Amino acid sequence: MAGLGERDHQHRNEVEVQGWHGLDDVPSDWGRSVITIGVFDGVHKGHQRMVQRAVAMAAELGLPSVVITFDPHPEEVVRPGTHPSRLTTARHRTDLLGLLGVDAVCVLPFTLEFSHMTPDEFVQAVLVDRLHAAGVVVGENFRFGHKAAGDLETLRQLGEKYDFVAEGVPLVSDGEAISSSQIRERLSSGDVGAAAAALGRPHRVEGVVVRGHQRGRELGFPTANVESPPFTAIPADGVYAGWLECAQSPSPYEGQRWPAAISIGTNPTFEGVERTVEAYALDRDDLDLYGAHVVVDFAVRLRDTLKFDSIDSLILQMRHDVDEARRLTGG
């Protein structure tokens with residue numbers, strides 16, 4: 001399990017991918033390309049299979065590959081207030097897509113006006129006029145256009161009209177269908193191991209370290225209290241083993257990564273009410289990470305969040321949690 005987290009860490013940011021925000025960012029001299037389309041939240045194994053097929057088709061045709069994705073999530077625009085929790089931030093999603101070998105990621109602002117485009121209007125305005133599609137790869141269940149009127153067969157018909165080939169790819173891994181919704185359900189039950197299996201890497205929560213009640217420091221286990229962006233997919237309350245990494249900071253810790261014991265919950269022993277994500281870098285009581293942007297990767301769930309009868313019993317359990325986290329992460 002340690003290898004899974006370290007592999008993602010070692011290869012992140014080793015490739016560069018062009019990032020475009022909206023069609024106006026597409027270079028005016030951009031030629032023909034192979035395109036794949038989706039929200040790609042999580043960039044799970046099903047997504048990876050689809051993107052890899054687009055990259056392979058692009059290589060066969062001697063053309064660049066482009067991923068089209070959307071922000072905000074279309075569900076939030078079409079059905080306000082239903083925004084699903086995010087498995088990845090926009091930046092992490094772009095990094096992960098870059099690791100799959102794509103040449104460019106185009107993030108289209110999803111607006112109400114955009115949602116009203118017919119399938120033909122979407123294909124002509126986005127795929128043909130701006131990106132000059134030679135091939136388009138989508139999931140087999142792909143829907144597009146106003147009220148999801150278009151499907152894979154619609155796309156194939158429009159491909160004949162506009163001179164590109166359209167191909168559907170099943171979003172499966174080892175014969176099992178994979179979806180972002182399924183992964184969110186696994187996280188909501190605390191099954192970070194199953195989520196990692198579907199993602200192909202540990203689930204990640206990231207954010208800025210803020211000041212909390214500093215109880216961890218008083219107990220001998222100083223934690224980084226991570227304030228994550230809205231809609232972040234946070235696993236169920238409990239204690240987990242994983243890793244803490246300082247991603248962005250003016251401090252000397254930038255780029256450093258530590259095995260960690262992670263707690264999610266309201267700290268019921270202290271009658272807490274606010275749900276927090278706190279990570280303790282194993283055997284490090286000298287870190288000052290306030291204000292730093294950090295990432296927390298989840299490897300294994302250790303136990304439920306519990307209310308203890310005494311501080312001593314809490315500390316005893318925390319020592320056991322740290323020992324288990326060390327064993328499971330190789331820390």
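**View 1. Pairing of strands E3 and E4 in the predicted model.** In this predicted model, strand E3, residues 65-71, runs parallel to strand E4, residues 104-109, and six bridges join the two. Within this pairing, Ile68 has Cys106 of E4 as its bridge partner.

View 2. Six strands with parallel pairing form an open sheet, in which the order is E1-E4-E3-E2-E5-E6. Because strand E1 (18-21) and strand E6 (165-169) stand at the edges and each have a single partner strand, one side of each is left without a neighbour in the sheet. On average, and with direction ignored, neighbouring strands of this sheet are turned by 20° against each other.

**View 3. Helix H7 across strands E5 and E6.** Helix H7, which comprises residues 152-162, lies across strand E5 (133-139) and also across E6, and the helix runs at about 160° to E6.

View 4. The structure holds one cavity of 30 Å³ or more, and the volume of the largest cavity is about 110 Å³. The residues that line the largest cavity are Val39, Asp41, Phe70, Asp71, Pro72, His73, His83, Arg86, Thr88, Ala90 and Arg93. Two or more residues of this lining are given by each of the elements E3 and helix H4 (90-99). Sorted by class, the lining of the largest cavity consists of four nonpolar, three polar and four charged residues.

View 5. When its neighbours within four places in sequence are left aside, Thr94 is in contact with Val17 and Val105.

**View 6. Helix H9 and the residue that follows.** Helix H9, made up of residues 192-199, is mostly covered, with six of its eight residues buried. These buried residues of H9 are Val192, Ala194, Ala195, Ala196, Ala198 and Leu199. After H9 comes Gly200, which has a positive phi, near 85°.

Terms used. Residues are numbered from 1 along each chain as its sequence is written. This is a predicted model: local features need pLDDT of at least 70, side-chain atom pairs count only at pLDDT 80 or more; totals for chains, interfaces and linings use all residues. Side-chain values use heavy atoms; hydrogens and water are left out. Two strands pair if DSSP finds at least two bridges between them. Helices (H or I, at least four residues) and strands (E, at least two) are DSSP runs, numbered from the N terminus. Axes are lines fitted to C-alpha atoms, for helices over the stretch in contact, and angles run from 0 to 180 degrees between N-to-C directions. Contact means heavy atoms within 4.5 Å. On a 1 Å grid over the protein atoms alone, a cavity is a set of points where a 1.4 Å probe fits but cannot get out, and a pocket is an open set with protein on both sides within 12 Å along at least five of seven lines; lining residues have an atom within 4 Å of a point. Grid points are joined across faces, edges and corners, and a volume is the space filled by probe spheres set on the points. Ala, Val, Leu, Ile, Met, Phe, Trp, Tyr, Cys and Pro count as nonpolar, Asp, Glu, Lys and Arg as charged, and the others, Gly among them, as polar. Buried means under 20% relative accessible area, exposed over 50%, partly exposed in between (1.4 Å probe, protein chains only).
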